[in-house]
Amino acid sequence: MGPLIAYDLITGSTNLLFAFLIGIGFGFVLESAGFSSSRKLVGVFYGYDTVVLKVFFTAGITGMLGLLFFSLFGWIDLDLIYINPTFLYSTLFGGVLMGAGFIIGGFCPGTSICAASIGKIDAIFFVLGIYIGVNIFNEIYPLVEGFYKAKFLGSPKLSDFLGISDGIMALVMIAMAIFAFWLGEIFEKKKKPVIY
Amino acid sequence: MKPRILLAIFVIPLGLIIAAVPENKTHAFKLSAEQLLEETNAGIQYYSPEEIADLIIKKDPSIQLIDVRNVDEYSKFSLPGAINIPLTTILEEDWEGYLNQDVKINVFYSNGTLNSDKAWMITRQLGYENNYVLMGGLNYWVETIMNPESPSSTSSDEEFAKYDFRKGAGMALGGGAVISNEKKAGTAPIIPALKSKSKKKRVQGGC
């Protein structure tokens with residue numbers, strides 16, 4: 001039955017419409033959860049507010065459980081889900097760069113758009129920075145192409161890598177999430193509350 | 001109650017369930033164009049005439065030959081044990097029991113491979129397993145099994161062994177391999193059985 005687009009049950013345009021509606025929902029939830037505040041966002045790096053960790057990890061395990069149960073009921077074919085291909089070196093480098101940018105700028109790309117849309121000046125500059133960065137990358141792409149495409153791993157899943165089933169992997173992820181939330185709350189208690 | 005505890009109460013049992021149940025590996029739907037192209041190019045659907053001849057001679061019960069030519073052609077001659085599912089009727093509900101099963105190995109054949117390949121692609125696209133194609137079809141069958149060409153004297157031992165096998169198989173199946181149904185006036189006629197809606201009857205007719 002699913003993914004809807006892969007089975008031609010909906011057209012590409014309808015798919016975009018769904019994406020648009022889900023995007024609005026996502027933005028709305030981000031904003032109402034306070035994710036348009038850079039102080040709240042970077043709190044996860046300083047340990048005074050781990051809500052970022054909680055929200056994204058919860059979203060992750062919710063989506064994971066949803067997909068696995070949908071697959072179990074035969075509602076979706078997991079083999080047809082697009083998984084971003086992994087280019088190991090650029091993933092690692094990009095991850096470090098993104099993390100650094102997150103701490104310095106106070107936003108991740110999604111939340112920066114969210115904050116820019118409610119008129120936060122720092123976020124507007126952040127988005128401008130993304131735009132400039134993307135263009136620089138485009139211009140120097142021929143120079144970095146070798147590194148960008150190095151160590152291609154296909155679309156590996158952690159469960160394949162470890163040789164365990166998706167279900168057991170899911171349980172491990174859930175245990176990790178609960179443990180991380182508990183750890184996060186301990187850190188939060190130790191830090192002085194920050195007003196923002 | 002803390003949100004963390006509340007969350008744990010919900011997701012941990014779900015995680016336990018999903019870890020305990022086997023993964024759903026059924027993909028009852030269609031292949032992508034790329035996958036189909038890959039499979040077609042790899043030629044995984046082919047059974048060579050030798051393999052089929054060997055299975056027929058051994059009276060292997062796991063094999064089911066399926067003639068995808070039309071009824072007239074089928075009634076003129078067919079391979080031993082073959083049933084007739086004309087390509088034009090392949091999507092009819094009656095045939096699903098034959099085509100979508102995991103007990104027998106279905107081998108489609110037609111005069112060449114074009115129609116049997118079509119049948120294979122359709123069933124493959126429907127997600128059915130265990131369907132194959134007789135390589136080269138009946139033409140190649142006659143060429144290799146019924147009238148094998150003796151290899152030149154300089155050929156390798158392998159070629160001779162192949163020839164000996166083909167000759168032996170041709171003799172074992174001789175005449176019987178290309179059954180004239182007209183001769184079998186006394187036996188169950190195939191055409192009426194085809195029209196029947198009863199699957200059971202059709203099997204009897206075919207065998």
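## A walk through chains A and B

Select chain A to begin: among its contacts with a separation of 6 or more, residues 24 or more positions apart account for 68%. Keep in mind as you go that this is a predicted model. Colour chain A by secondary structure and you'll find eight helices and zero strands. Read from the N terminus on, its elements go α-α-α-α-α-α-α-α. Of the 196 residues in chain A, 18% are buried.

Now bring chain B into view. Where do the two chains meet? Here 16 residues of chain B are in contact with 22 residues of chain A. Colour that side of chain B by class and you get 10 nonpolar, four polar and two charged residues.

Chain B has 10 helices and five strands, and buried residues make up 26% of its 207 residues. Take the contacts in chain B between residues at least 6 apart in sequence: 68% of these join residues at least 24 apart.

**Stop 1: the sheet**

Show just the strands of chain B. In what order do the five strands lie? The open sheet reads S1-S5-S4-S2-S3, with parallel pairing. At its edges are S1 (46-47) and S3 (83-84) of chain B, each with a single partner strand, so one side of each has no neighbour in the sheet.

S1(B) and S5(B) run parallel and are joined by two bridges. Click on B:Tyr46 and look across: its bridge partner in S5(B) is B:Val133. Then try B:Tyr47, which stands opposite B:Leu134 in S5(B).

Stay with S5(B) and look at its two faces, both of which are covered. B:Asn131 and B:Val133 are buried on one side, and B:Tyr132 and B:Leu134 are buried on the other.

Next along is S4(B). Is this strand enclosed or in the open? Four of the five residues of S4(B) are buried, so the rest of the structure largely encloses it. Towards S5(B), S4(B) has three bridges, and the two strands run parallel. One pair to pick out is B:Asn106, which stands opposite B:Asn131 in S5(B). To get from S4(B) to S5(B), the chain passes through H6(B), making a right-handed β-α-β crossover.

Before following that path, select S2 (residues 63-67) of chain B. Five bridges join S2(B) to S4(B), again running parallel. Here B:Asp67 stands opposite B:Tyr109 in S4(B).

**Stop 2: helix H6**

Now select residues 114-125 of chain B, the 12 residues of H6(B). At 1.5 Å a residue this helix should span 16 Å, and its end C-alpha atoms are 16 Å apart, so the two agree.

Which residues of H6(B) are buried? Show the side chains of B:Asn115, B:Ser116, B:Ala119, B:Trp120 and B:Thr123. These residues cover an arc of only 145° around the axis, which puts them on the same side of H6(B). If you're wondering about the spacing, an α-helix has 3.6 residues a turn, so residues three or four places apart point the same way.

Turn the view around to the face of H6(B) that points away from the buried side.

What covers the buried residues of H6(B)? The cover includes helix H5 (96-99), strand S4 (105-109), strand S5 (131-134) and helix H7 (137-146) of chain B.

After H6(B), step along to B:Gly127, which follows the helix and has a positive phi, near 85°.

**Stop 3: helix H2**

For the last stop, select residues 33-42 of chain B, which make up H2(B). How many of its 10 residues are buried? The number is zero, so H2(B) lies largely in the open. Finish on B:Gly43, which follows H2(B) and has a positive phi too, near 65°.

Terms used
Residues are numbered from 1 along each chain as its sequence is written. Chains are lettered from A and ligands numbered from 1 in the order in which they are written. This is a predicted model: local features need pLDDT of at least 70, side-chain atom pairs count only at pLDDT 80 or more; totals for chains, interfaces and linings use all residues. Two residues are in contact if their C-beta atoms, placed from the backbone, lie within 7 Å. Ala, Val, Leu, Ile, Met, Phe, Trp, Tyr, Cys and Pro count as nonpolar, Asp, Glu, Lys and Arg as charged, and the others, Gly among them, as polar. The expected span of a helix is 1.5 Å times one less than its number of residues. A residue is buried if 20 or more other C-beta atoms lie within 10 Å of its own, exposed if 12 or fewer, and partly exposed in between; C-beta atoms are placed from the backbone. The arc is that of the directions from the helix axis to the C-beta atoms. Two strands pair if DSSP finds at least two bridges between them. A crossover is right-handed if, with the strands pointing away from the viewer, the path from the first strand over the helix to the second runs clockwise.
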